[in-house]
Amino acid sequence: MADLKTLGAGKYLHLVANDRWEWARRPAEHDAACIIATDTHSALILVEQFRHPLGTNTIELPAGLVGDEAGKQHEGILTAAARELREETGYESKDWRFLMRAASSAGLTSETPAIVAARNCYKTGPGGGVDDENITVHVVARDGAEAWIAEKTQNGCIFDARVYVGLAVARGLLSL
């Protein structure tokens, strides 16, 4: 975009504008991966963490930036997804598949995270994230998901919409 102006730049986000719109974008070297992770019983592995923009805890699929760590600037999407899954949840998988790219909020950001699947995940570590992430891991059975979602919502959590896509994939209702 020839007429693109940078209004502000941080480490992970830039605020840019053209003559009609303003939006956030990732710097070129940072892609994102979002993981639909299921364990050996096809239960969905989710993460809960406080998100400053919303001022509350959110329930999300495990996710993270690709190439954001020193020495890993050229890592692939599945490599980064495996690293993020291990760091955030303590789970690993040998069954990975790229599913699609999806707009995360098309009117707000140009980010289109890679959605990947990790099946038959098994626990190998504590999870919880790195640095100050303070992530809580939830393994949610397919059949009890609606009641669990209702309870977490009643307790003030906000759900990322991709959780519902992950649940549909875990239930075999959606094949990407």
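Author: The secondary structure of the protein amounts to three helices and twelve strands, where helices (H or I, at least four residues) and strands (E, at least two) are DSSP runs numbered from the N terminus. With a radius of gyration of 17 Å, close to the 16 Å that the globule rule gives for 176 residues, the protein is as compact as a globular protein of that length; the radius is taken over C-alpha atoms, and the rule is 2.2 Å times the number of residues to the power 0.38. This is a predicted model, in which local features need pLDDT of at least 70 and side-chain atom pairs count only at pLDDT 80 or more, while totals for chains, interfaces and linings use all residues. Residues are numbered from 1 along each chain as its sequence is written, and side-chain values use heavy atoms, with hydrogens and water left out.

The open sheet has three strands in the order β1-β2-β3, paired antiparallel; two strands pair if DSSP finds at least two bridges between them. Because β1 (5-9) and β3 (22-25) stand at the edges with a single partner strand each, one side of each is left without a neighbour in the sheet. On average, neighbouring strands of this sheet are turned by 30° against each other, direction ignored, with axes being lines fitted to C-alpha atoms, for helices over the stretch in contact, and angles running from 0 to 180 degrees between N-to-C directions. Four bridges join β2 (residues 14-17) to β3 in the antiparallel sense, and valine 16 stands opposite tryptophan 23 in β3.
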